[in-house]
Each structure stands twice: as C-alpha cells, then as structure tokens.
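Here's a walk through a protein model for someone meeting it for the first time. Have a look at the structure, then read on.

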Amino acid sequence: MLEGFVELRDTLEGIERVLLTTHVNPDGDAIGSVLGMRSILEQLGKTVEIVVCDPVPPKYRFLLDRPVRILGDSELEEMVKKEKFGMVIYLDASEQQRAGAVVEWCDEWIDESVVVVNIDHHISNDSFGDIVILDPERSATAELVLEAASVLDAEVTLQAANQLFAGVLTDTGSFQYSNTNVMSLTAAGVMVKAGASPAMVADQIYHQRCLSFYRLLGYLLGTMELHHQGRTCVMMLPAENAKALWPEGEMDTEGIVDYTVQLKGTEVGIFLRETTGDTLRASLRSRGNVNVQKVTELLGGGGHASAAGCTLNGTLNSARDALLAEVEKHLE
Ligand SMILES: [Mn+2]
C-alpha cells in the first residue's frame, strides 16, 4: 500500500470538511474520481464539496448523483466565508495548476492549517501537496480512489462503482491502451462486483453521439497525413472548420486522436486543433516505443508515455512542423 494512504487515513480523523477538485476540461477519470471520492468521504461522516472550473461534459452527466459546483458558485463562497475546508484533495491533476482558477481561489482562504492532498497517476506529476498518493503504474486515478475506499473502510456503492468504472474505462481507451494491466483489470472486476455495469457506462459515454461528432470525425479523417515514412500520422482542425462543423454547444473531440494510431505502420499520432487566437492544442498518442510525454514535456505539456498533450502558439502548419521535428528525434 502507498504510504500516502496511511497519512490520508490518519489526517482525515481530525478533519470535518473536505473540498475535492480536479483538472480543467474534466474527463471521465477526473469526474469519476471526484464523485467516487465524495461517496467514500461522506460515508466517513465528512462534509464534502466538489468544485471544478468547467462544467461536466454532457456524456458524463449520467454519473452525477447531484450537481458539482462550478467555480464562482455563490453558496460555496458563503460556505468558505463561514468556515473553510480542512482539506483540499486534487484528483487526477498532474500539477496543481491543472486545476486552473480553483488554485487561485483556494489561495484566497487557504493557510497552513489546510491539508493539501494530491491523488494522481500521471508520471509527470510533480508531487505537490502535503500528502501525495501517486502511482504512475495505475491506468486511472479512479483505481487509487477504489483503493482509498478499502483503506478508509468505506463501501463502494453501486453508484460509486459506475463512477469509478467510467474512470478506468475512459483512461484505458476501453481497455485497449498499453496502460491496461493486471491492476486496471482487477480494479474493473472489483467495480463490477460492486454493481458497475460496463455495458451501461460504455453506452452512455460512447454511443450517445450527436451527428456533429460524425461530421467532424469525417472531416478529420480526411485531413490525415503521414510523415516519417508512415510512422507518424497527423490530423488538423482549423478553427473556422470547427465552427462550421460544430455550430453550437461544446465541441467533443475526445477519442478522435486515437484514429491516428490505428493505421498499419503508424507509431505516433498527432491531433492538432486551433482554439482561440493563435493558440493550438495538440494531443499525441503512441503505440510504439516513442514516449510522447517526453515529446510534449519539452513544449510545456504533460501526460503519459502513450498519451500526452500540450498547448502551442503559431499556425497549424508551424506547430505541426515543430512537433514532427521533436517526434523524429524520438523515432529510432
Ligand atoms: Mn486520469
């Protein structure tokens, strides 16, 4: 057992109120982990609040047993004014800043008496916080939350089982990524035993798409280019095309990057997307020996060996060239 779990158990004894948070643009593991952790801590009699910067994406809302608070929530402001939280737990955040504006907001009321806990599985995690529960061997933070349940002697309710299962399912790419291992499959087994329904969770997350998603996917498949003798595949999305293909609501590109490493012979995949101004978001995938976390690290990004991302400036073409040059150094 990781030492941090013992520290967490002991420290929690003297704490009544716990705040949970996770990274910006929360994914399935982020949402599943905070919700599962709330269920566990509430069973211990704690008062728990979850605060995130961005709304929960629609496809994960079936996991919510009640709403989570979005930063700026007036009730939360009142709560903190009356009595602050004794502990802040960051889940699935590779560094504290990944929680976005939540960090600055906490800085307004946090002092030395508040215990900061960091529960994560990113190899790039910088071990921030007073209590660190970090295991890069784990495919998802949700696995660590499952372990927290047993350390803290809490029950994994049917709802928590589905929430945590969603974390493992999405972070392993439906048990297809190279991070899928005995621990992730064992954890999934425990979750199913506790009542999780793999078919229901997969159906909600992957099979309730809107037509815009397929229009966007169709466009992006058409932009595929091969480099490095077919070992690297790139897809690019200019902002104006994004707007035309997905006129309203939040654009969902999750999973699209995976197609870049599903061609015979590709080892590295890059999905480049123009966001606002001249900012670009790059998602990288690897199914070979290239550690894409090392590629993005040099460009200020983070992630895992087989899945990483970073933010770049400039045009789509200049960003692609910069990434390709970096990838080339890592291809043997
Ligand atoms: Mn994760």
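**Two helices side by side**

Let's start where helix H6 passes helix H7 in a left-handed crossing. On the H6 side, the contact is made by Ala161, Leu164, Phe165 and Val168, while H7 brings in Ser184, Ala187, Ala188 and Met191. Sort those residues by class and you get seven nonpolar, one polar and no charged. Keep in mind that this is a predicted model.

How are the two helices set against each other? Two packed helices are described by the angle between their axes and the distance between the axes. Here H6 covers residues 158–171 and H7 covers residues 182–193; they pack at an angle of about 160°, with their axes 9 Å apart. Angles over 145 degrees count as roughly antiparallel, so that is the word for H6 and H7.

Now over to the sheet. Six strands make up an open sheet, and reading across you meet them in the order E3-E2-E1-E4-E5-E6, with parallel pairing. E3 (69–70) and E6 (131–134) stand at the edges with a single partner strand each, so one side of each has no neighbour in the sheet.

Take Thr21, for instance: its bridge partner in E4 is Tyr90.

One last stop is Tyr206, which sits in helix H8 (residues 198–206). From Tyr206 to Asn313 it is 107 residues in sequence and 31 Å in space, C-alpha to C-alpha.

Conventions
Residues are numbered from 1 along each chain as its sequence is written. This is a predicted model: local features need pLDDT of at least 70, side-chain atom pairs count only at pLDDT 80 or more; totals for chains, interfaces and linings use all residues. Axes are lines fitted to C-alpha atoms, for helices over the stretch in contact, and angles run from 0 to 180 degrees between N-to-C directions. Helices (H or I, at least four residues) and strands (E, at least two) are DSSP runs, numbered from the N terminus. Angles under 35 degrees count as roughly parallel, over 145 as roughly antiparallel, 65 to 115 as roughly perpendicular and the rest as oblique. A crossing is left-handed if the near helix is turned anticlockwise from the far one by less than a right angle, and right-handed if clockwise. Two residues are in contact if their C-beta atoms, placed from the backbone, lie within 7 Å. Ala, Val, Leu, Ile, Met, Phe, Trp, Tyr, Cys and Pro count as nonpolar, Asp, Glu, Lys and Arg as charged, and the others, Gly among them, as polar. Two strands pair if DSSP finds at least two bridges between them.
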